[in-house]
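Here is a protein chain to look at.

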Amino acid sequence: MSSINVAMIGQGFMGRSHSNAWGQVAKFFKTPAKPVMHTVFGQEAENPQAFADNWGWQNASTDWESVVKDPKIDVVDIVTPNFMHAPPAKAAIAAGKHVACEKPIAGTLAEAREMAEAANKAGVKTAVWFCYRRVPAVALAHQMVKDGLLGDILHVRAQYLQDWADESVPLVWRFKKELAGSGAHGDLNAHIIDMTRFVTGEEITEISGAISETFIKKRKLMTGVSAGNIAAGLQGTEEMGDVTVDDTVLFLARFSGGAVASFEAARQATGNQNRNGFEINGTKGSLKFDFERMNELNYYDATRPRAVQGWTNIMCTHAGDHPYVANWWPDAHLIGYEHCFTNEAYDFLSEIAGETPTVPIPTFEDAYQTQRVLEASALSAAEKHAINMDDVK
């Protein structure tokens with residue numbers, strides 16, 4: 001098997017998820033090339049050498065520009081805060097590297113457009129880590145809709161609800177617009193926009209009724225760096241700073257096939273730790289998914305006789321019938337969050353090798369379309385009117 005050298009730009013929570021994926025993928029999948037964890041970049045305060053030693057990276061660096069230009073590097077994987085997605089991505093593309101990037105693709109729509117255009121012009125392979133496409137249940141839902149089992153799509157309801165961002169959490173980068181671009185909107189709505197576009201196979205054409213709110217307007221300034229989770233181990237000073245992003249954004253939408261939709265993202269939805277899901281209603285049936293029960297997909301077959309119609313709970317763990325599962329464990333030996341990243345690493349390696357991925361890769365161009373929806377709904381919330389997607393470029 002040939003090898004392919006990977007460099008990762010950034011560390012933190014996502015750095016752990018990606019490091020695990022690159023280290024595991026060739027052990028569970030028959031990859032076209034074995035990924036070599038060549039170099040990880042981190043800021044000096046993050047101690048990238050310690051991160052490299054722990055996760056198996058061969059080298060550590062505090063100079064991302066030299067890393068992305070290194071002729072030994074084939075793939076650049078970007079896991080930095082959102083404002084730092086575009087600079088290394090564009091530099092890597094200019095150097096002829098394939099690029100994977102965390103979501104949302106960028107901090108602003110303009111940066112997302114520049115990244116997509118640069119990648120298209122250079123002809124390199126790109127991927128954005130919308131990891132929930134790689135949940136077997138979600139990939140199955142995509143295939144069921146594609147096969148016509150739901151008929152015409154009428155309604156889409158999607159929500160991504162978390163409750164971690166209470167008053168005790170200090171002013172991490174996710175609460176600063178200049179670093180994150182937006183709050184729950186870009187962090188959570190980005191996922192469910194991508195997921196519903198992917199499952200339905202349709203595009204969003206109009207946004208209306210958007211509302212945005214920031215409940216906690218000031219937070220303590222933080223000390224130190226995160227212990228590797230979203231905000232684990234962080235302490236705050238007595239000095240306060242302004243929160244400049246949203247805590248929640250809700251909006252309505254129309255899809256290209258005629259369906260109407262609602263989206264909701266929130267970080268203080270008490271009791272919802274990672275409730276990421278959708279319900280899709282069609283003329284022939286419906287689907288429901290909830291990531292807190294990620295191995296299951298609920299299906300309603302409206303073509304059956306009325307006397308026996310009802311929701312069917314599908315355990316999506318059967319090798320051969322459910323995507324990705326053959327590479328993991330026996331029936332109902334459940335997989336978890338980290339497996340989504342390993343599944344995507346496999347698909348990206350397949351794409352680079354010219355093979356067909358298990359389900360479509362969200363490229364920079366694809367992620368730019370999701371970023372357009374984020375922008376349109378932010379505009380609708382600010383300007384309090386409907387936004388036609390044709391007007392958001």
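The questions below move from the model as a whole to single residues.

Q: What kind of model is this, and how are its residues numbered?
A: This is a predicted model, in which local features need pLDDT of at least 70, side-chain atom pairs count only at pLDDT 80 or more, and totals for chains, interfaces and linings use all residues. Residues are numbered from 1 along each chain as its sequence is written, and side-chain values use heavy atoms, leaving out hydrogens and water.

Q: Why does the radius of gyration of the chain agree with a compact globule?
A: The radius is taken over C-alpha atoms, and the globule rule is 2.2 Å times the number of residues to the power 0.38. For 393 residues a compact globule would come out near 21 Å, and the chain has 21 Å, so the two agree. The C-alpha trace spans about 65 × 55 × 40 Å along its principal axes.

Q: How many helices and strands does the chain have?
A: The chain has ten helices and 17 strands. These are DSSP runs, numbered from the N terminus: helices are H or I with at least four residues, strands are E with at least two.

Q: What share of the chain counts as buried?
A: Buried means under 20% relative accessible area, exposed means over 50%, and partly exposed is in between (1.4 Å probe, protein chains only). Of the 393 residues, 55% count as buried.

Q: Which domains does the assignment give, and how far apart are their centres?
A: Domain bounds come from an automatic or database domain assignment. Here they give domain 1 (3–129) and domain 2 (136–335). Their C-alpha centres lie 24 Å apart. Contact means heavy atoms within 4.5 Å. The contact takes twelve residues from domain 1 and 17 residues from domain 2.

Q: What does UniProt place at residues 4–128?
A: An unreviewed UniProt entry places the feature "domain: Gfo/Idh/MocA-like oxidoreductase N-terminal" there. UniProt positions are given in the numbering used here, feature names are shortened, and annotations may be inferred rather than shown by experiment. In the model, residues 4–128 are 43% helix and 23% strand, with end C-alpha atoms 19 Å apart.

Q: What makes a set of residues a nonpolar core?
A: Its members are buried Ala, Val, Leu, Ile, Met, Phe, Trp, Tyr and Cys residues, joined through side-chain atoms within 4.5 Å. The largest such core has 110 residues, and Phe-263 and Phe-364 touch the most other members. Helix α8 (residues 184–200) gives the most to this core, with eight residues.

Q: Why is this core said to lie between domain 1 and domain 2?
A: Domain 1 and domain 2 both give residues to the core, so it lies between them. Apart from it lies another core, of eight residues, including Trp-164 and Val-243.

Q: Which residues does Phe-364 touch?
A: Leaving aside neighbours within four places in sequence, the contacts of Phe-364 include Ala-89, Ile-93, Met-115 and Val-128.

Q: Why does Phe-175 count as buried?
A: Phe-175 has 0% relative accessibility, so it counts as buried. Phe-175 sits in the loop between β7 (153–161) and α7 (177–180). Not counting residues up to four places away in sequence, Phe-175 touches Trp-164, Val-243 and Arg-267, among others.

Q: Why is helix α6 described as largely enclosed?
A: Nine of the eleven residues of α6 (residues 136–146) are buried, so the rest of the structure largely encloses this helix. Its cover includes β7, α8 and β13 (275–282).

Q: How do you know that the bond from Lys-103 to Pro-104 is cis or trans?
A: Its omega is near -15°, and the bond is cis. Pro-104 lies in the loop between β5 (98–101) and α5 (109–122). Most residues other than glycine have a negative phi, and most peptide bonds are trans.

Q: Is Ala-332 buried, exposed or partly exposed, and what about Lys-384?
A: Ala-332 has 46% relative accessibility, so it counts as partly exposed. Lys-384 has a relative accessible area of 71%, so it is exposed. Phi is positive in Ala-332, near 65°, and in Lys-384, about 60°.
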